[in-house]
Amino acid sequence: MQKLLSRPLFGALLVSIISFIEYLQTMAPSVPFIDGGELATVCATLGIAHPTGYPIFCMLGYVFAHLPIAEHIIMRLNIMSALFVALGSGGIVFVVSELYLFWFNEKRKKVQPVKGKKISEKPLAVKVVDVITEEKRFESVAAGIFAGLAMGLSATWWDTSSSIEVYPIHCFMIPIVLTFLFRMLRLEKEKFGKNSFLFALALGLCFSNHLTTILLAPACLYMFFATFGFKKEAWVRIVKLVPAFLAGLLPYLYFPIRASQYPLMDWGHPDNLNSFLKHFSGGQYSVMMFTKIARKINWPYFWGKYPAEFTIVGLILVICGLYSLLSSSGRGKAHLLPFVILLFFGCLLWSMNYEIVDIDSYFLTAYLASAITATFGIIWLLRLLREKQKVNIAIATIIAAIIFGGIQVQQHYKEVDESGNYFVEDYTINMLKNLPKDAIIFTSSWDFWASGAFYYQLVENIRPDVFVVDVAMLRDRPWYFNHLKQRAPEIMKRLEPELGPFMVDLVKFDRGMPFDTMAISQNYRTFTEAFVSKNSDRPIFVSPEALIQRDPLFAPTYKPYAAGLAYRLFERDSIFDVPLPVIQWRDSHYRRRNYYTENSRWYQALPLADRAHYLIQHGQNEDAKKFLDLALRFEPDINANTESLQGRDLEAANHTTDHFIKMEEFRKSLGK
């Protein structure tokens with residue numbers, strides 16, 4: 001039995017199974033906020049995702065989207081996320097088992113002086129040997145199980161498993177890369193063997209999923225040069241690694257091949273070298289990198305939430321682990337303490353500079369460094385205990401993993417539980433189903449329902465007659481017009497005279513070429529005016545957030561009027577009937593308050609309340625009450641404690657609380 005327990009594969013399977021079962025309990029049943037709808041549609045239709053494109057994700061997602069493992073495609077893709085994060089948790093067992101066996105060695109205690117004998121002033125390191133006992137192997141697997149569960153049940157890693165995203169495959173790939181790195185450094189110092197090839201290939205494939213793989217560079221380069229030195233042989237080895245690494249990048253050929261076929265989801269249309277490089281490098285997001293406000297926001301945000309990531313117990317173990325690594329020896333000149341520090345800060349110092357809302361997933365590598373360090377912390381504590389009484393390190397480590405895992409579940413379960421989150425689905429369905437036939441709606445609500453509309457219209461075939469236009473992409477994404485032409489060719493054909501002049505400067509802007517600022521602004525205004533006027537045979541709407549943050553150049557001569565869950569555009573004052581919308585709103589098991597939930601509620605309630613005010617002005621109080629009652633269905637738990645919220649979450653919660661309280665008071669003033 002101990003021989004079986006001494007195999008990392010056993011520990012990896014155990015951790016993966018436990019993690020997967022836990023993840024299924026908290027998995028989202030539907031489309032998540034932000035990019036979920038777009039990514040699900042990309043996977044279902046074999047399209048091209050937003051930069052940096054994520055070709056590995058797109059292709060694997062297509063496979064999972066067509067596996068008969070759930071009724072709806074979105075559930076299949078959410079299961080895919082849970083599976084890959086669970087496998088990543090198991091993969092950590094291999095990494096830590098390798099480190100424990102071959103890279104972590106205690107320094108011997110200073111020998112007490114004996115009269116007449118001279119001793120060394122420096123503590124001696126235990127000699128590294130590759131002949132390891134079964135007991136030591138069992139201990140290494142136990143340490144791996146502890147690390148796998150510690151990471152697998154940490155807040156951000158666990159949250160990553162809840163729904164479709166590109167990061168779950170990243171969670172799966174990183175442990176593979178690190179495992180083959182350490183095996184290459186240990187086993188193939190004098191030759192180029194299979195571990196060297198597999199490391200380079202895995203590294204390339206990891207890059208083919210997400211470019212944040214680069215955050216591994218400081219730690220990996222340190223271990224490489226600490227092992228091989230800066231000799232000629234080291235540089236020759238790097239050259240030998242290049243072909244396998246480039247082979248791992250071959251999935252990027254998916255971009256031009258698929259773009260040439262004009263898929264329905266064709267972000268950036270990377271069919272030539274210029275568009276390929278821009279998409280591959282995430283060029284459109286460069287303005288969000290290394291901004292002053294990013295560091296000002298992200299630095300306190302990270303350290304504010306770090307103690308809770310592994311709970312206070314985990315934080316204590318990290319501190320003990322740092323001491324343990326400081327007190328240990330490495331393998332030759334390669335030492336684990338600089339490795340985990342570089343893994344942590346190599347991730348953190350880069351991510352600090354990225355001005356992005358959903359920044360948490362960019363900290364995953366730093367959290368992995370913390371989980372590894374915490375593992376050596378628990379080992380250090382157990383070895384201290386063994387000095388006072390007999391302790392089986394392996395068994396004690398597994399028991400500690402179970403106890404610590406239980407503490408994490410208790411702390412994080414409610415925080416990461418997405419099993420009742422139908423916000424995007426309900427908002428999207430409410431919007432689409434309550435619009436008139438063949439309606440056009442302009443929106444900038446990507447995070448809340450516009451991304452979800454891709455999935456429900458193009459995959460689930462719900463209200464494909466409604467033409468959803470993202471005004472943010474309309475202004476600065478040339479490729480987006482090909483998508484619009486595919487979706488509604490008859491509408492876009494009417495706009496060719498106005499679209500042509502606008503596209504001339506828009507393409508120049510997109511390629512970084514000189515362009516006429518005045519001309520592009522005027523042509524955009526002319527184009528959007530034509531978009532509305534030339535399609536007046538269709539009912540045209542704008543969603544609430546696009547109205548609140550209305551672009552002054554967007555069809556400025558048209559006035560908005562509250563009409564259900566959106567606002568209808570007219571050129572002049574108009575009177576029209578608005579049926580009471582039929583809505584679905586399943587928030588009873590998801591009462592969380594944050595920026596996304598609060599705005600999803602408010603953006604649906606606002607046009608209903610505005611319609612009620614309009615009806616009251618026209619003496620239709622009874623109908624106004626119905627619209628207000630419907631608006632109040634979106635009311636959050638205004639009595640909930642919001643002290644734990646910060647930043648924009650707190651600002652959004654305070655905003656909706658104030659407005660819903662006023663709405664309640666106004667409704668009461670109208671009587672029953």
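A: Ala217 belongs to helix α10 (residues 217-228); helices (H or I, at least four residues) and strands (E, at least two) are DSSP runs numbered from the N terminus. The model is predicted, so local features need pLDDT of at least 70 and side-chain atom pairs count only at pLDDT 80 or more, while totals for chains, interfaces and linings use all residues. Residues are numbered from 1 along each chain as its sequence is written, and side-chain values use heavy atoms, with hydrogens and water left out.

Ala217 counts as partly exposed because its relative accessibility is 24% (buried is under 20% relative accessible area, exposed over 50%, partly exposed in between, with a 1.4 Å probe and protein chains only). Between the C-alpha atoms of Ala217 and Val287 there are 23 Å in space, and the two are 70 residues apart in sequence.

Among the aromatic residues, the structure holds 63 pairs; rings of Phe, Tyr and Trp (its six-membered ring) pair if their centres lie within 6.5 Å, and planes under 30 degrees apart count as stacked, over 60 as edge-to-face and the rest as tilted. One of these pairs, Phe182 with Phe339, is edge-to-face, at 5.1 Å centre to centre and 80° between the planes. This pair links distant parts of the chain, with Phe182 in helix α8 (residues 167-187) and Phe339 in helix α16 (residues 336-351), 157 residues apart. Phe182 and Phe339 are both buried. Phe502 and Tyr524 form a tilted pair, at 5.5 Å centre to centre and 50° between the planes. That pair joins helix α24 (residues 496-510), which holds Phe502, to helix α25, which holds Tyr524, across 22 residues. Phe502 and Tyr524 are likewise buried.

Helix α25 (residues 517-533) also lies across β3 (440-443), β4, β5 (540-542) and β7, running at about 150° to β3; contact here means heavy atoms within 4.5 Å, and axes are lines fitted to C-alpha atoms, for helices over the stretch in contact, with angles from 0 to 180 degrees between N-to-C directions. The open sheet has five strands in the order β4-β3-β5-β7-β6, with mixed pairing; two strands pair if DSSP finds at least two bridges between them. Strands β4 (467-470) and β6 (559-563) stand at the edges with a single partner strand each, so one side of each has no neighbour in the sheet. From one strand to the next, the twist averages 35°. Strand β6 pairs with β7 (residues 566-570) in the antiparallel sense over five bridges, and Ala563 stands opposite Ala566 in β7.
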